[in-house]
Number of protein chains: 4
Amino acid sequence: MHTANIELMLDYEVTHPAHFLFHIESAFHEGHKIIEERLTITPSMKVRTFSDERNGNRFIRLDASKGVLSVNYHAKVELITVPVPPHLDETPVTAVPDDVLRFLMPSRYCESDVMSRAAQQLFGHLPSGLSRVHAIESWIHESIYYLPGFSNSTTTAQEVFVQRAGVCRDFAHLGVTLCRALNIPARLVVGYVHFDEPPQDFHAVFEAWVGDRWVLFDGTKMAPIDRLVRVGTGRDAKDVAFATIFGGVTMLRKELTVDEGDTSAVRAEPAVQPALSLV
Amino acid sequence: MHTANIELMLDYEVTHPAHFLFHIESAFHEGHKIIEERLTITPSMKVRTFSDERNGNRFIRLDASKGVLSVNYHAKVELITVPVPPHLDETPVTAVPDDVLRFLMPSRYCESDVMSRAAQQLFGHLPSGLSRVHAIESWIHESIYYLPGFSNSTTTAQEVFVQRAGVCRDFAHLGVTLCRALNIPARLVVGYVHFDEPPQDFHAVFEAWVGDRWVLFDGTKMAPIDRLVRVGTGRDAKDVAFATIFGGVTMLRKELTVDEGDTSAVRAEPAVQPALSLV
Amino acid sequence: MHTANIELMLDYEVTHPAHFLFHIESAFHEGHKIIEERLTITPSMKVRTFSDERNGNRFIRLDASKGVLSVNYHAKVELITVPVPPHLDETPVTAVPDDVLRFLMPSRYCESDVMSRAAQQLFGHLPSGLSRVHAIESWIHESIYYLPGFSNSTTTAQEVFVQRAGVCRDFAHLGVTLCRALNIPARLVVGYVHFDEPPQDFHAVFEAWVGDRWVLFDGTKMAPIDRLVRVGTGRDAKDVAFATIFGGVTMLRKELTVDEGDTSAVRAEPAVQPALSLV
Amino acid sequence: MHTANIELMLDYEVTHPAHFLFHIESAFHEGHKIIEERLTITPSMKVRTFSDERNGNRFIRLDASKGVLSVNYHAKVELITVPVPPHLDETPVTAVPDDVLRFLMPSRYCESDVMSRAAQQLFGHLPSGLSRVHAIESWIHESIYYLPGFSNSTTTAQEVFVQRAGVCRDFAHLGVTLCRALNIPARLVVGYVHFDEPPQDFHAVFEAWVGDRWVLFDGTKMAPIDRLVRVGTGRDAKDVAFATIFGGVTMLRKELTVDEGDTSAVRAEPAVQPALSLV
């Protein structure tokens, strides 16, 4: 059994009063069990939390005054990995559940409505099913250069397809887009995972609806996909940004460590309920 | 009191078996009361319906075989108009309800993430509140040319802002985008309304969150906004397309009439429950 | 030996005085000999002509008053086909002549600066030379759908690459772009050619610098490339539009016939100097 | 009388043999007189030079082997400023000279073909003439944020217009585009000018055809426009890049100083012919 220890430190210089929407906590999701969790906001203040019951995403809202705002999230999470069978059929559109249908639609950074012909040409001839989405994942891995600094927060899948470069978010957006363009429901997943090579950072991958379930894929192949601690799921990056900020703010620090361990040591600790502790 | 009689006829030539998602019925919405309603699909077949409980949008899913598919939607709807007060304050972001927050985010056809400076320059100096959104509506009315055939189904607000031309959908997308860029939640609304000048067609307008309520605006000023029978509400056009089709299909006919009347005559008819009647 | 008879009729309704730049005459070019030529403008008026000595493009400028403007261009042209050797080397950039270098640069509709990785992935592994440009031509032929009405006058190669649809102009822009992205100088050529299937229209193809010469390619494969009567050569479509119009104008008619014949009959006619005849 | 002393140092790490096209020398242009000039390439090598006789742009081509390549350009230039009259008429299109017409066309980074309505709305109501282009210059100065790092080498005027941010090149592209969209010929000019605030760098401005002459404008207002030593003139940035590199290269250093002086001291020196000196 596999556990992850997450330690995230965010510092901001707030130059004008600002409203923050943070999305950094481990999701309410059957893929993991939160063993312990601690959120510390400095200076101490009132925060509001809510979760998106459809996706299990958890959000924190707060108003920060002028000065330095620090956010520290610590969690120990036990991963519950369900093996993916080697063969899974694609779901014909008619059998896609009503509440999954929206993941067939284009979104801000995933313009699947303009890429159906390209997707069909690249992958339309392949046998339908899990293996086809793996072919998409491999094609992205081989075709897109991992180039930090090349793309930015408004880069879309269409641009990534043309320019063939980006970071994990861009790889994931392209995966989502190619799937949707083939009528395979797909969405973005962000989370924490240990990278062998620093720096540690949030990771973004994609998830496709195959065989009546969501299956994770990662075109970057930077980390084992089954060790990702999910933070959020959405149509694309705008739904799952780790911080959405309304106001005048400068980021001073973003530090993340994700350590891996096995559960035996952890198990010795007294059981701790997921908690929101505010100093 | 105001009623609308809606008569929609859609014919498709289905060349390969296709899956249809229709979104043509009057929404479940407090802005109107459905007096009578009849949906006829030819040939007769099994359909599935579902509604989006967050927005009240109603959807019909069906599988069509080769041949001609006809859809006829008839409804008589009584509009319940709640007057909008002359003054309403904008809601500071911190006070935007959790489930309205997502209407601040960019979406496929509304790239508000790249337009904050432009929106601020055009409207940032105006007093906050209802009047500011009316200023956006008027600016769109004066600045964008209504040019059928200029834009297409993948045209975005950014393109409309540059090219200054489009149809109702484009006007509405730009309204949504400028509002979001100013931190005013906004969304797209499509529906039925009588146009004095033919042809009748689906109409698209936008809705902004002002004074803790949704208020309708229409940059085209083609029809009285308070006479719109709402079909759907969404982030943008992809959420509320009247038909999303998976398969090989040619549209043969789209005919719509929206007649207006007062309710007295209608009231004389026996009460009819909203019904889904399938020939 | 091969001749082409060209008959072009353009009618415009001029609603406000307008300035026209026409580019419809057979180019000054070694690939053909103009046997006879007649340009008729109605109403009779003063026109100015000039040619671009670098490319041999011929232009006509005129001011039209309110009313109907008719332009008729008739020409008989003998094609001088120089066979292309089966093998030609690409020219290393260092050996590209100074005045050909600009055809390596991106242009309005040919954004080669964002497509180098994609071009390299698709064609970088192929042996350098004429055969590689033929591979580009074939890939375009197989990958892009010929769909009139899909693109418009501002569609760029990047969009064609994503959307995989367009008309001859789009096919040619993509060819130009992929070549430039591989450091092969390339440009757009427009001209007259007989299509077996109507309607006749201006045709656009691309030309690449291989083996120290310009060689023609046509991703549409709609007509034999060696039967094209060149009208113009440019970086992309904006340089060689058949009509650029400044003012308020509606096109009433565009009719073109391009008939093919052999030269024997033509030879019997008295030699006619290329002439600009204005009624 | 005004002189400028230019000192440019460029160092590159050449990782694979590369072909360079440099465009760093003061143009052949009536706006200045080159008093002295020295170009030093290290290691010593054969270079080729050519100039574009239409614009006076001077280019250097060279092949660099693996290792460090250093380019040093030194020049002393006397500016010949011709005062611009306070009133100049715009030139009606019909009177635009044949060889200036191409500066009405859209180009890679200046998509004037999609901005005619926007330009007309912003500036169409103003009196025609020099003052209208000054209004464009002022509007750009007030509307576009100078934000280094925001845009990149493929950013276009359309994006700058939407996003309202960029660097001098973006400001100039937008000026070019708005002019062309109003049927005023316009082009990009790059050169050397002393900035009061470091760092010194190449500067880009725009030039419009007003009153039958080219007049310089600078939406950044970062330096006096009449002190710019012109390096090149083109349709947009792709024509006048200071270095276009084909091959594997890393820039190690770009240092520029532009000092101002008056000519008296300079005059005491022996006259020096412009020279290309290669160590």
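**Entry 1: the shared surface.** I began with the interfaces and found that 100% of the interface residues of chain B are also interface residues in chain D, so the copies meet through the same surface. Here I count two residues as in contact if their C-beta atoms, placed from the backbone, lie within 7 Å.

**A note on the model.** This is a predicted model, where local features need pLDDT of at least 70, side-chain atom pairs count only at pLDDT 80 or more, and totals for chains, interfaces and linings use all residues. Residues are numbered from 1 along each chain as its sequence is written, while chains are lettered from A and ligands numbered from 1 in the order in which they are written.

**Entry 2: B against D.** I looked up how chain B can be laid on chain D: a turn of 180° and a shift of 0.0 Å along the axis do it, with an RMSD of 0.0 Å (superposed by least squares on the C-alpha atoms of residues with pLDDT of at least 70 in both). That is the relation of a two-fold axis. In chain B, B:Val162 has the C-alpha nearest the axis, 3.6 Å from it.

**Entry 3: B against A.** Next I checked chain B and chain A, where 19 residues of chain B are in contact with 19 residues of chain A.

**Entry 4: inside chain A.** I found chain A divided into domain 1 (2-81 + 241-268) and domain 2 (93-239), with bounds from an automatic or database domain assignment. Their C-alpha centres lie 24 Å apart. I also noted that 23 residues of domain 1 of chain A are in contact with 16 residues of domain 2 of chain A.
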